[in-house]
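Walk through this model one site at a time. Keep the sequence and the 3D view side by side.

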Amino acid sequence: MTREQIEAYFADKEKLLVEAVSRLVSIDSVEGAPAPAAPFGPGPAAALKEALAIAEEWGLTAENYEGYVGTADLNGGEDALHILGHLDVVAPGEGWTVTQPYTPKLVDGLLYGRGTDDDKGPVAASLLAMKAVKDLGVPLKKNCKLIMGTNEESGSGDIAWYFARHPYAPATFSPDSGFPVINTEKGGFRPEFSKSWPAQEALPRVKWLHGGIRLNVLPGDASAGVEGLTMYDIQPVARDVTARTGIKFTFAHEDGVTVIRAKGEGAHAAYPEGGNNAITGLVALLCALPLADGGCKDALNSLNTLLPHGDWKGRALGIAQEEPVAGPLTLAFSLLEVTETGLEGRFDSRAPLCATQENCRDVAKAAFEARGFAFDGVQEKPHHVPADSPFITTLLRRYEEYTGLKGECLSTGGGTYVHDIPGGVAFGCTLPGFDTHLHGADERVKVSDLMLSAKLFAHIIIDMCE
C-alpha cells in the first residue's frame with residue numbers, strides 16, 4: 001500500500017471525521033458517580049457507547065468491557081498493535097468564548113469543544129484510520145486494536161483494569177499528546193498536605209477559601225471570604241498584587257463577608273508555565289492583608305513561602321532539578337480548601353528521570369513538616385522507551401514522510417495512557433507549534449492535523465500488522 005493510495009482514500013473524508021468528533025464532543029463525559037456498567041459515571045459511559053456505535057457503523061468489530069473500556073478491532077488475529085485513546089474529559093471550567101464546551105463548532109479549520117484535542121478527536125482519527133485500512137482491503141496477518149478508555153483524566157483505572165485481564169501488544173502508541181514521538185514521561189508526585197488550628201474570633205480573619213477544580217489542572221479561578229475588612233480596605237492591596245502577579249481580583253459583600261474572587265488563567269498541571277495560578281495569587285493577596293494573628297494566618301504565610309506565586313519549578317520548596325532528557329521538574333499548586341479550623345491542599349509535580357525519593361519527596365516532606373503540616377504522598381516512577389527501538393524508528397520514518405518535518409523523540413510532563421505500558425509511546429495528534437488550549441477554555445484542534453494523523457495512523461497500522 002502506497003502513500004498515494006492512502007491520500008486518495010482520505011480525499012473526501014474530512015466531513016465524516018468532523019461529524020464523528022462532534023458526536024463524541026457533544027457528550028459531557030466528565031467523571032461522575034459509579035453505576036452499573038458505568039464505573040466512572042454516566043457521562044463516560046455515554047461517550048463510550050457512542051464511540052462503539054461509530055466503530056460498528058464503520059465496519060469494525062466493537063466490544064464493551066463492563067464500561068471500563070471499549071475496543072475496536074480490524075480482524076480477529078493476534079494483536080500486533082494497540083492504540084490507546086480516552087473518552088473522558090476534564091471539567092469545562094469558565095471563560096469559553098467561541099462556543100459552549102459541549103457544543104462543537106467549526107471555525108476557520110479549527111474545531112472547538114471540550115475533548116476535541118484531549119482525546120475525542122484523536123480517538124475518532126484512529127477509528128477513521130482503521131476504517132481506511134479495512135475499506136482499502138489491505139491483507140493483514142495480525143490485528144490492530146483501538147482501546148477506548150473512560151478514566152484517563154482521573155487515574156487510568158480503566159486501563160489498569162483492562163490489562164490486568166488482557167495481554168499487552170508488542171507495540172503500543174497513544175495519540176494523547178503531540179507529534180513527533182514522546183518516549184519519555186516524567187514521574188508523578190502529587191502529595192496531600194494539611195494543617196489544623198483552633199477557631200479564632202479575632203478580626204480580620206479568613207473565613208473560607210476555595211481553589212482548584214482538579215488535581216491535574218492549574219487553577220484559573222479561586223475565591224475566599226474575609227471578615228473584618230471591606231472591599232475598600234482590600235482594593236489598594238489587591239492592585240499591588242495584581243501588578244506583581246497578573247491575577248485580577250473582584251469583590252462582593254455577601255452575608256457579612258467580603259468575598260474575593262481571583263482570576264488567573266487555567267492550564268494543564270504538566271505545563272504550569274503556560275497559565276497563571278489563581279490559588280497562589282489569592283494566597284499572596286491574603287498574606288499582604290492585615291489579618292489577625294492566628295493559625296490560619298501562619299498557615300497561609302507558610303504556603304506563600306513554600307509554594308509562592310510564579311514558582312513552577314519548586315525552587316522555594318527545595319526540589320528544583322533538571323536533566324537533558326526529560327527537562328525540568330514542574331510544580332502546580334492545584335487544590336486548596338481552607339475553613340475556620342484548618343486547610344487541605346495538593347500540588348501536582350512532574351519529576352524528571354534524575355528525581356529520586358531522597359532529592360524530591362523527602363525534601364518536600366521535610367519542608368512542610370518543619371512548618372507543622374501533615375504531608376503524605378508517593379512519588380511515581382517515570383516512563384522511558386529507548387529512541388532506537390524498531391517501533392519508534394518506524395513511527396518517525398512515517399512521520400517524516402507524511403509531514404516533511406524532522407522526526408525526533410521528546411519528553412513530556414503530561415502523563416499519557418502509555419505511562420505504565422511496556423514499550424508504549426505517545427504519538428499524535430497535534431503538530432508542533434499549535435496551542436490546543438489543553439484543559440482550558442476554548443479547547444480546539446486543527447482538523448487538518450486530525451486528517452493527517454488518520455492517514456499516518458493508517459500507514460502505521462499496515463506497517464505493524466501486514
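A salt bridge here is a side-chain nitrogen of Lys or Arg within 4 Å of a carboxyl oxygen of Asp or Glu. Lys and Arg count as positive, Asp and Glu as negative, and His and the chain ends are not counted. Buried means under 20% relative accessible area, exposed over 50%, and partly exposed in between, with a 1.4 Å probe and protein chains only.

The model is predicted: local features need pLDDT of at least 70, side-chain atom pairs count only at pLDDT 80 or more, and totals for chains, interfaces and linings use all residues. Residues are numbered from 1 along each chain as its sequence is written, and side-chain values use heavy atoms, with hydrogens and water left out.

Start at Glu152. It sits in the loop between strand E6 (143-149) and helix H5 (157-163). Helices (H or I, at least four residues) and strands (E, at least two) are DSSP runs, numbered from the N terminus. Glu152 is buried but has no salt bridge. Arg350, the nearest side chain of opposite charge, is 7.8 Å away. What does the side chain of Glu152 join in a polar contact? The partner is the side chain of His86, at 3.2 Å. A polar contact is a pair of N or O atoms within 3.5 Å; within protein, one must be able to donate a hydrogen and the other to accept it, and residues adjacent in sequence count only if both atoms are side-chain atoms. Contact in general means heavy atoms within 4.5 Å. Beyond four places in sequence, the contacts of Glu152 include Asp88, Asp158, Asp176 and Tyr417.

Next, helix H6 (residues 231-245). It bends by about 30° at Val237. That bend is the angle between axes fitted to the seven residues ending there and the seven starting there. The buried residues of H6 are Met231, Ile234, Ala238, Val241 and Thr245. Their cover includes strand E14 (248-254), strand E15 (257-263) and helix H7 (278-288). Gly246 follows H6, with a positive phi near 85°.

Now the cysteines. The structure holds zero disulfides, a disulfide being a pair of cysteine sulfur atoms within 2.5 Å. The sulfur of Cys287 has its closest cysteine sulfur in Cys296, 9.0 Å away, so the two are too far apart for a bond. Cys287 is partly exposed, at 21% relative accessibility. Cys296 is buried, with a relative accessible area of 6%.

Finish at Ala370, in the loop between helix H9 (357-369) and strand E21 (374-376). Ala370 is exposed, at 66% relative accessible area. Its C-alpha atom is separated by 52 Å from that of Ala80, 290 residues apart along the chain.
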